[in-house]
Amino acid sequence: MYACWSARAVGLDLPAEATIEVAAKAGFEGVDFMVRDLVEAGANVDGLRSRMDDLNLRGGAWVLPMNWKNDREAFESDLKRLPIYAAAAERLGLARTGTWVRFETDPVADLDRISRADRERLADEATAWQLDRLGRIARILDDHGSRLGLEFIGSQAAPTGRGVRLVGTYTELRQRFGRLAAEHPNVGVLVDAFHIFAAGETVDDALTGGVESVVWVHLADPTKLDRASLRDEERTLPGESGTSLCESLLETLATWGYDGPVTVEPLGRCPLLERLDPLETALKTRKSLRRIWPGSDHGPART
């Protein structure tokens, strides 16, 4: 596994060229991109890949460039553009992407009064709708050598309570979306340490599908330990909260032979990164990974 720099995951909006330079200067081994942004900006994809090679940077992962939970017209429009973005990702050496699944159905009138059978029916219908769309996405990604990792929102404060609960743990994710992975071998899980903690699960719960099912890894610690009120944006750098969950996750992945990207994702409100310039932000992010990386007090070295 290797440490990747994602500017967007720490709240920065950097051009692709700057993202590459900052990643190399900060000592990352790989770099993640917002592929849609660079394609729409008319970036020289082959030139970017050449610069990555010059700096000995590997391609990491890319954010799935579509809101597939939109209405049908918007979804179909995005789906038509997906092969363009997937082809660009392939040229950049990016072979992994990810997205979160819906954690509840649309609002249901008198939810507390409907029967268990109706709840199950609504949940199954909402799952089938997602399976269809994600299956179409997975086929396009597979044509361009990309894997798709699924995650969920672990925050117990996120659900509105107005819809039927669908997914709140990695166990439930596998139960509801296991069929998708069975039909599309390029589909797996995006394992996120913050969501593991927020959901009250363990590393073993998240990795029940085996290391081969892990597509991408995100790391962040919670800024507070009260799961009942913890919001998705309340994150900080890995290793800061004292939970040791990020460290435990990496230890297990290393033991099992995970060979993919590891991205720090505290999002844009991390208090430790306030008022830092992009390079300072990257250096501090990289330092947080070195502290918890298995097998070394200094983390993986770049050559």
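Reply: In helix 1, Ala 16, Glu 17, Ile 20 and Glu 21 meet Leu 48, Arg 51 and Met 52 of helix 3; contact here means heavy atoms within 4.5 Å. Helices (H or I, at least four residues) and strands (E, at least two) are DSSP runs numbered from the N terminus. This is a predicted model, in which local features need pLDDT of at least 70, side-chain atom pairs count only at pLDDT 80 or more, and totals for chains, interfaces and linings use all residues. Residues are numbered from 1 along each chain as its sequence is written, and side-chain values use heavy atoms, with hydrogens and water left out.

The residues in this contact of helix 1 with helix 3 comprise 4 nonpolar, no polar and 3 charged. Ala, Val, Leu, Ile, Met, Phe, Trp, Tyr, Cys and Pro count as nonpolar, Asp, Glu, Lys and Arg as charged, and the others, Gly among them, as polar. Helix 3 covers residues 45-54, and its axis lies 10 Å from that of helix 1, at an angle of about 5°. Axes are lines fitted to C-alpha atoms, for helices over the stretch in contact, and angles run from 0 to 180 degrees between N-to-C directions. Helix 1 and helix 3 are therefore roughly parallel: angles under 35 degrees count as roughly parallel, over 145 as roughly antiparallel, 65 to 115 as roughly perpendicular, and the rest as oblique.

Helix 1 (residues 16-26) also packs with helix 10: their axes come within 9 Å and cross at roughly 45°. That angle makes helix 1 oblique to helix 10. The crossing of helix 1 and helix 10 is right-handed; a crossing is right-handed if the near helix is turned clockwise from the far one by less than a right angle, and left-handed if anticlockwise. Helix 1 contributes Val 22, Lys 25 and Ala 26, while helix 10 contributes Pro 278, Leu 279, Ala 282, Leu 283, Arg 286 and Arg 290. The residues of this contact of helix 1 with helix 10 divide into 6 nonpolar, no polar and 3 charged.

What does Arg 8 form with Asp 37? The two form a salt bridge, with their closest N and O atoms 2.9 Å apart. A salt bridge is a side-chain nitrogen of Lys or Arg within 4 Å of a carboxyl oxygen of Asp or Glu. Arg 8 lies in the loop between strand 1 and helix 1, and Asp 37 lies in helix 2 (residues 35-40), so the pair links distant parts of the chain, 29 residues apart. The whole structure has 25 salt bridges.
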